[in-house]
Amino acid sequence: MWKQLADQWALVTGASSGLGAEFARQLASRGMHLVLTARRRELMEVLAQELHTKHGTRCEIIAADLSDPSEPERILNEIVAKGIAIELLVNNAGFGVVGEVSQADVNRLLQLIHVNVSALTELTYRLLPGMLERGHGAILNVSSLSAFQPVAYMGVYAASKSYVLHLSEALHCELKDRGITVTAVCPGVTRTSFFDVAGAPGWLQKHSSLTVETVVKAGLKAMVRRHQYIVPGWRNFLLTLLVRIASRRRVVKESTRFFRPRRNGDGNKPR
Ligand SMILES: NC(=O)c1ccc[n+]([C@@H]2O[C@H](COP(=O)([O-])OP(=O)(O)OC[C@H]3O[C@@H](n4cnc5c(N)ncnc54)[C@H](OP(=O)(O)O)[C@@H]3O)[C@@H](O)[C@H]2O)c1
């Protein structure tokens with residue numbers, strides 16, 4: 001598949017940091033050109049310069065806030081106006097929210113659903129007709145280990161990632177004989193700013209984690225092998241098997257141990 005993707009264009013959402021920036025780096029090293037999108041333009045400009053210098057990558061930057069429902073269509077209109085056909089869509093943009101119901105910011109939760117669910121759905125369904133017409137294309141959706149079970153104190157995020165996993169698997173099955181591959185990558189704890197953004201600072205340091213290089217490499221390998229989904233890291237994979245045999249009640253109860261806030265006035269800080 002890499003031969004088919006070289007010199008083609010990938011659209012990477014959430015490309016300003018973490019996994020998205022690493023997807024951009026590894027795709028550029030394979031000869032792909034990139035449309036990068038996220039809110040922080042300056043970070044993407046630095047990345048684009050780096051990739052151009054190292055690999056001669058052509059990068060287009062479209063700064064956009066995916067919590068605004070009108071933005072996915074604007075991004076795609078700009079891409080069409082530049083005469084670019086997207087061969088690979090990496091739906092990576094996303095964020096989490098950790099905390100108790102009583103302290104929930106409902107607007108923030110709705111933004112999460114827009115970014116993690118609605119924008120991903122719109123980009124996917126608006127790009128697929130072109131891929132189907134051409135008879136080839138690929139979609140890589142970033143889900144999460146949290147997609148496999150409900151997670152207390154992180155319920156909306158975990159549910160959003162279950163949506164991503166289930167949608168990806170359904171599309172994988174529907175499209176695999178039509179030249180399109182759809183793969184979900186389900187990372188466990190990965191070293192990015194994710195937990196700081198989610199309202200759980202310090203959490204990452206207390207848990208074993210994978211690097212962005214490892215997760216992205218595994219995700220891209222699964223995509224070129226046309227796999228339905230991948231859980232990077234054998235410990236993480238084992239967890240997805242365990243939750244299948246344990247009772248649902250037990251599984252969600254266990255999840256409370258991860259993100260239950262302290263009762264000492266620390267607000268949403270997890271244990
Ligand atoms: N790190 C983990 O442990 C972990 C585990 C499982 C799954 N994931 C998933 O991996 C993906 C990438 O996260 P990360 O770990 O790399 O964290 P990150 O470094 O915080 O990256 C998140 C990316 O999403 C973008 N984003 C967030 N809100 C956005 C918005 N409103 N509009 C447009 N872009 C937005 C951010 O860009 P701007 O801020 O510049 O907009 C950033 O590029 C997410 O979908 C996350 O759920 C992460």
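Predicted model: local features only at pLDDT ≥ 70, side-chain atom pairs only at ≥ 80, totals over all residues.
Helices α5 and α6 run roughly parallel to each other, since angles under 35 degrees count that way and their axes cross at roughly 10°.

**The α5/α6 pair**

Helix α5 covers residues 106–134 and helix α6 covers residues 155–175, and their axes come within 10 Å. On the α5 side, the residues that do the meeting are Leu109, Leu112, Ile113, Asn116, Val117 and Leu120. Across from them, α6 brings Val156, Tyr157, Ser160, Tyr163 and Val164. Sorted by class, that contact has nine nonpolar residues, two polar ones and no charged ones.

**The sheet**

Now for the strands. There are seven of them in an open sheet with parallel pairing, and the order reads β3-β2-β1-β4-β5-β6-β7. The edges belong to β3 (59–63) and β7 (229–230); each has a single partner strand, so one side of each is left without a neighbour in the sheet. Helix α5 turns up again here, packing on the sheet and touching β4 (86–91), β5 (137–142) and β6 (180–185). The direction of α5 makes about 160° with that of β4.

**Helix α2 and its two partners**

Helix α2 packs with α3 and also with α8. Here is how the helix pairs line up, with α5/α6 included.

| Helix pair | Axis distance | Angle |
|---|---|---|
| α5 and α6 | within 10 Å | roughly 10° |
| α2 and α3 | 10 Å | about 20° |
| α2 and α8 | within 9 Å | roughly 60° |

How do α2 and α3 lie relative to each other, roughly parallel or roughly perpendicular? At an angle of about 20°, α2 and α3 are therefore roughly parallel to each other. The crossing of α2 past α3 is right-handed. From α2, the contact draws on Ala21, Ala24, Arg25, Ala28 and Ser29, while Leu47, Leu51 and His55 come from α3 (residues 41–55). The class tally for this contact is five nonpolar, two polar and one charged.

With α8 (residues 212–224), the axes cross at roughly 60°, and that makes α2 oblique to α8. This crossing is right-handed too. Gly18, Leu19, Glu22, Phe23 and Gln26 of α2 meet Val212, Glu213, Val215, Val216, Lys217 and Leu220 of α8. Here the classes split into six nonpolar, two polar and three charged residues.

**Around the ligand**

Which residues come nearest to the ligand? Of the 28 residues around the ligand, they are Gly14, Gly18, Arg39, Arg40 and Gly94. Two elements give two or more residues to this shell, namely α2 (18–29) and α7 (194–198). The largest share, three residues, comes from α2. By class, the ligand shell holds twelve nonpolar, 13 polar and three charged residues.

How values were computed:
Residues numbered from 1 in each chain as written. Near = placed C-beta within 6 Å. Helix = DSSP H or I, 4+ residues; strand = E, 2+ residues; numbered from the N terminus. Nonpolar A, V, L, I, M, F, W, Y, C, P; charged D, E, K, R; others polar. Axes fitted to C-alpha atoms, helices over the stretch in contact; angles between N-to-C directions. Parallel < 35°, antiparallel > 145°, perpendicular 65-115°, else oblique. Contact = placed C-beta atoms within 7 Å. Pairing = 2+ DSSP bridges. Left-handed = near helix turned anticlockwise from the far one by under 90°.
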